[in-house]
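Visitor: Before we look, could you take me through the terms one at a time, setting each value against its definition?

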Amino acid sequence: MLRSWAFSQNLHQILRQCKQLHSTATRLAQAANADVSSSTATPKWSADSIRTGLIARKRGMTVMWDNNGVRAPVTVLQVENCQVTANIVYKRPNQTEYHAVQLGASDRPSRTTTHQMKGFFRKAKVPPKYIVKEFPVTSDAHVPVGTTLSAIHFVPGQYVDVIANSIGKGFQGTMKRWNFKGLRASHGVSVSHRSAGATGAHQDPGRVWPGKKMAGRLGGERITVQNLTVMRVDSQLDLIFLKGAVPGIDDAQVVIRDAKKKLVSVAKAHQANGEYEKVLPKGVDDLPFPAGTDEMARNLPAIVEAPSKRVTSPFIPRE
């Protein structure tokens, strides 16, 4: 009798363990399927996403006409083998996370690269670069290390910000530096036509106030030009045509990112109001996410232009 009771107890334990094992295997299988589906699903850009930027070189300025005959001055930027060198995740003291993508651009000879940077690039499996920059992103916008980015990362019709060092002009006077009018050019002034004039007050305060606009060094500063329109993208030559001027000399390195005001902030505001058709600028359906790569560029036309903002064509006679 005792043996049968013990056997029944052991049987119940075995059945319970089998049931637990079956449920654990089911959960693991469901988790694996969820991971596979999430990895195979193509990520989509949203208004809450912040993408990485690009490092390019300024090649000069030219003009272009759209299909409605509108003439626009454009700056030509070229992306030179811009590759991902690292993905950064840092936990701040307040337990929030900082995410960033580090890019390198413009290949340089190995003999002019320091040993420390050689090891860094060797770890990333990319050739040595002249310039390395870090771009803050959201947690869903990381790009695999070694990925080569293309000019199609930016879509014609969208707005971008460009950061670069302005042209240094040396020590300049107040008329050139601050657009002062200067003194009179004819009567009453002797050899002081371009002078700044008075710079202080009387015995009280007896000094020049800090921040007074005076002669000094002009240019050579980090400048951000905001809300430039992408007019054309050439994926074969990796050229980006931006409407307007960009700071810096020709062949200088510049940083391009999605416009913070006219793209990112406007998209968040329209999404919060439920105006989903206005999240992106007119004529832009989607943005490459998490980035526009060389593989993506092979499946797209070589040259893509932004649609004209002019309503009527001057080549069609009006009735």
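Guide: Two strands are taken to pair if DSSP finds at least two bridges between them, and strands (E, at least two residues) and helices (H or I, at least four residues) are DSSP runs numbered from the N terminus. The model is a predicted one, in which local features need pLDDT of at least 70 and side-chain atom pairs count only at pLDDT 80 or more, whereas totals for chains, interfaces and linings use all residues. Residues are numbered from 1 along each chain as its sequence is written, and side-chain values use heavy atoms, with hydrogens and water left out.

Visitor: What makes E3, E4 and E5 a sheet, and in which order do they lie?

Guide: The three strands form an open sheet in the order E3-E4-E5, with antiparallel pairing. E3 and E5 (129-137) are the edge strands, since each pairs on one side only, and the twist from one strand to the next averages 20 degrees, where axes are lines fitted to C-alpha atoms (for helices over the stretch in contact) and angles run from 0 to 180 degrees between N-to-C directions. Eight bridges join E3 (residues 83-91) to E4 (residues 97-107), and eight bridges join E4 to E5, to be set against the requirement of at least two.

Visitor: Which residues stand opposite each other across these strands?

Guide: Tyr-90 stands opposite Tyr-98 in E4, while Gln-102 stands opposite Glu-134 in E5. E3 and E4 form a hairpin with five residues between them, and Gln-95 in the turn has a positive phi of about 70 degrees.

Visitor: Why is the pair of Phe-120 and Phe-121 called edge-to-face?

Guide: A search of the whole structure finds one aromatic pair. Its ring centres, those of Phe-120 and Phe-121, are 5.5 Å apart and the planes stand at 65 degrees, so the pair is edge-to-face: rings of Phe, Tyr and Trp (its six-membered ring) pair if their centres lie within 6.5 Å, and planes under 30 degrees apart count as stacked, over 60 as edge-to-face and the rest as tilted.

Visitor: How do you know whether Phe-121 is buried or exposed?

Guide: Buried means under 20% relative accessible area, exposed over 50%, and partly exposed in between (1.4 Å probe, protein chains only). Phe-121 has 1% relative accessibility and therefore counts as buried, whereas Phe-120, with 28%, is partly exposed.

Visitor: What places Arg-232 over the face of Phe-241?

Guide: Arg-232 lies at 5.1 Å from the ring centre of Phe-241, and the definition asks that NZ of Lys or CZ of Arg be within 6 Å of the ring centre and within 35 degrees of the ring normal.
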